[in-house]
Amino acid sequence: MSKSNDTISNLYRLWYFLTIFVLVIVFLPYQALARQAEIKKIQITHDPLSVKLFITEKIPVKVIQVEDKEVLVALKNVRMQKGFKILGKKDSGINVAVENLQGNVLAVILTGKKPYNNVKSSFNPADSSLNINLGKKKAKPVVIKPAPALPVKEKKPLATAPAPTPVPEPKASPAPEKTVKSSQVEETDKKMADKASKVPGVPEVLSPAQIPEELRVKRFSQASKAKKEMSVETPLKRPVKVGKSTVYVPGKREQSKFKGDISDLFRVIDEEVCDSKPIVNAILLLKKNMYKDAFNALDQYIFQENFSCVEQAYFLRAFAFYRTVPQDDFAKLLQAERMFQDALVAYPKSSLLPYGYAAIGIIQKQLNNISAAEGYFNIVKQGFLTYSGLPEIMYHLADIYDQKGYADKSLKYYKQVFEDSVENNYIADAGIGYGKGLFKKRQYLDSLRVLDFVVQTSPKKVYDSHELLLNIGSANFEVGHSKLARQNLNRVMNLFPEMEGRDVILSKIGDTYGMENNQEKAIKVYELVREKFPDSDGYIASSIGIARYLKKDEEKIEIYQMIKKKFPENTYSRIAMMRMAEIYQAKGEYNKCIKEIEDLLSTHPRGLRYEAVKLMQRAYEALFKKQLKEDEYTKVLNRYELEHTRIDRMGSRKIALSVGLAYLEGKLYDEAFNHLINAYKQYKRSSRSPQLLMGLGIAMDESGRKDDALKLFDAFSKRFPKSKQRGEALARAGKIYLDKKKYKVSSARFDTAYKVSKTNLEKGKALMMQAVVYEKKGDMKTASRLREKAVKEIALAPGENYDMLAEAYKDLGRTYVSLKLYVKSADAYSKALSFSADELEKANLGFLLGDAYQKGNIINKAKDAYEQVVESDDSVWARLAQQRLTTLELAQTVQNS
């Protein structure tokens, strides 16, 4: 009988399990399908212009204004219901397109004829609809009615809820625009997403990574400009201008029974149905902060091996014990950690797991094991999205990343906690961290707005730590609010008299007086710091402050030298060295300035590097300009050749110009061209000086770049008609045209050059070149006339231009010979010989002189000229002259015979 009963019971069990299995297999897919949300219909209304999507349940939604006339609504885990309709489309001016995309995303694109100027979105749980406002309600026309016969009392307007008190800012900023842009739409959606994340089973809002690429490319390629604005965690924006803060400070937040930390443990358990009176009593003790009594009661409860609510007792006992442990008692902290671990091991599938992991992470952080703490916090953050204590987790992660030096990541987490739309215990602390992080990023006005909000909403935080007031004072100091800065810095000194860095704070208070041009008070504060805090950072800062008000540069340099020698490793030493370099620069002692900056960069390579290099660059620029002006181009070239590696890295156009002109003076034309073309490219067309253009043209001309030089000379002549160098530019252009055998254009250039030239020497050169043009054309009479005129101009020029006169008379003599005017030719050669200083050239001119006399049949003078050449040291011309003498003697012998 017992065997048959066992068989029946086994069969019954088998049937039971098979039934359950079939139910799971058959009904689970339908249940999963039933969970997927559906869009029943889309309703378009006209006044105000809006689109309402009726959805069976709340889902992740992202509303993005792609363009003025186009709005994208991206919905996750949703499909269109059978019989789906779009209502109110007629005469609405809105085109609705629906597309199914990858990743189970449904895209609804709303395209209109007119710009959407007031885009907002909200979810109405009453009828489960997503409402998207696209425009404002039209104002009704005001109708003026005639006054009634009897006086009627005016109705009082309905009372409205008082607006939340705005948080005062350090500086008034303009009111926000009424037009809601994509960033404002994002704020609305972010609040909606925050509420949705609190509901179990609702995923997060769709992020840009979840939106398929095909949608971005196909529907709104122009949306790439706003792709950063689409993310759930929007990165911080830098302020556009000084004087306008850009951070978002939440107004009134939603109240919640949860506090956003591990203390929510007993609040969650209190909501559960637990038939254990000791547990209920323990929770009452925890609510009254009687942690020791609660721990004793819970420990006794577990020791008695009760069978109800043991899981809750384990977690509550660990929490109560942890609350009794001082932060610096590492042994008891480890004991508290073991209690939480015992609870986790005993109940691995408990719904209270995130509280245990979070508590262990906090304990590890208190034990300075920040990497282990980070691991526990990430377990909670990634695995328990509906955990009510996430603000505490995010705050501690922000603090850990701040300690590790990940400033951007830290700032992001502080920002998330601070901007939470639901009230929690960590908003004020996150605000302090957020403000401090903004201060480190030099976003001072944003920092002030956040920290001022913390002071107003949580005034007791001022007394917890000096950081809050110190950062407020320092931020006010940086933006120039001297009185507010001094007020907060004085307050922090009074509240925390034993804090470190009092010397620096007091010195900064002195600086605030300096900002107000109150020199006497500033110096008094500086002297007080130097007296009370010798050999401190404040002592050095105050010394620099005093030097600022000294009148003599020598006294300032004395203080800076003291700081440099006495505190070489201090960061203020680099400021002193920089100030000395600035003094040397202002006094024109450029070599000392450069040397001081060399010392600064070698001892403090990272501090003030940009400012120091820029000052060094200005010193080089002024030094080279001065040396060129004093005709010391060789010093410029020597300095550049020795230090060109460092100088080239500066990329200064002024240095490139000076060095190029120095090479030009040294007749190193290729090097001159390389530097001048570098300077030419860096200057705008309107700011290119005549010196640069003319120097580059000469370098091009002399280095064989004739065509480029010609363009530059012609352009120079037109652009600078009154320049002193215009004559030279025209003459050089004429010479290039002459080489190209364009005689007419060349002659015109030389003629204009003669007319615009300011000196006799330049006029003479232009005439000589123009004479060559006519000589090439075969017009020797005009060539001789121009050369006669050139000789006169050169002779009238100041200075000893003997070489040029010798050359001019030589050319004139050659012209006379071609015209068979031998006497005039001999006279020109004789004058050329008198001006020439070169022995070889004298021999040449002497032979030409003899040849002219010979051709003019003045034989005696011809012999005298040849004899002088024979006596010269030039073997070639002496041999030729001897042959001529021999020929003349033979001719004379034949004539006599």
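The legends below describe close-up views of a predicted model.

View 1. Leaving aside residues up to four places away in sequence, Ser129 touches Lys52, Leu53, Phe54, Ser122, Phe123 and Asn124.

**View 2. A negative surface patch that includes Asp838.** The patch is formed by Asp803, Asp838, Glu839 and Asp873. Asp838 sits in the loop between helix H34 (822-835) and helix H35 (839-855). With a relative accessible area of 43%, Asp838 is partly exposed.

**View 3. Salt bridge between Glu589 and Lys587.** The two side chains meet at 3.8 Å, N to O. Glu589 is partly exposed at 26% relative accessibility, and Lys587 is partly exposed at 38%. The model has a count of 43 salt bridges.

**View 4. Salt bridge between Asp739 and Lys735 in helix H29.** The N to O distance is 3.2 Å. Both residues belong to helix H29 (residues 726-739) and are 4 residues apart, about one turn of the helix. Asp739 is partly exposed, with a relative accessible area of 47%; Lys735 is also partly exposed, at 34%.

**View 5. Salt bridge between Asp751 and Lys755 in helix H30.** The closest N and O atoms are 3.3 Å apart. Helix H30 (residues 743-756) holds both residues, 4 residues apart, about one turn of the helix. Asp751 is partly exposed, with a relative accessible area of 29%, whereas Lys755 is exposed, at 60%.

Technical notes. Residues are numbered from 1 along each chain as its sequence is written. This is a predicted model: local features need pLDDT of at least 70, side-chain atom pairs count only at pLDDT 80 or more; totals for chains, interfaces and linings use all residues. Side-chain values use heavy atoms; hydrogens and water are left out. Contact means heavy atoms within 4.5 Å. Patches are made of residues with over 30% relative accessible area and no salt bridge: like charges are joined within 9 Å, nonpolar side chains (Val, Leu, Ile, Met, Phe, Trp, Tyr) within 5 Å. Accessible areas come from the Shrake-Rupley method with a 1.4 Å probe; for residues, only the protein chains shown count as cover. A salt bridge is a side-chain nitrogen of Lys or Arg within 4 Å of a carboxyl oxygen of Asp or Glu. Lys and Arg count as positive and Asp and Glu as negative; His and the chain ends are not counted. The place of a charge is taken as NZ of Lys, CZ of Arg, CG of Asp or CD of Glu. Helices (H or I, at least four residues) and strands (E, at least two) are DSSP runs, numbered from the N terminus. Buried means under 20% relative accessible area, exposed over 50%, partly exposed in between (1.4 Å probe, protein chains only).
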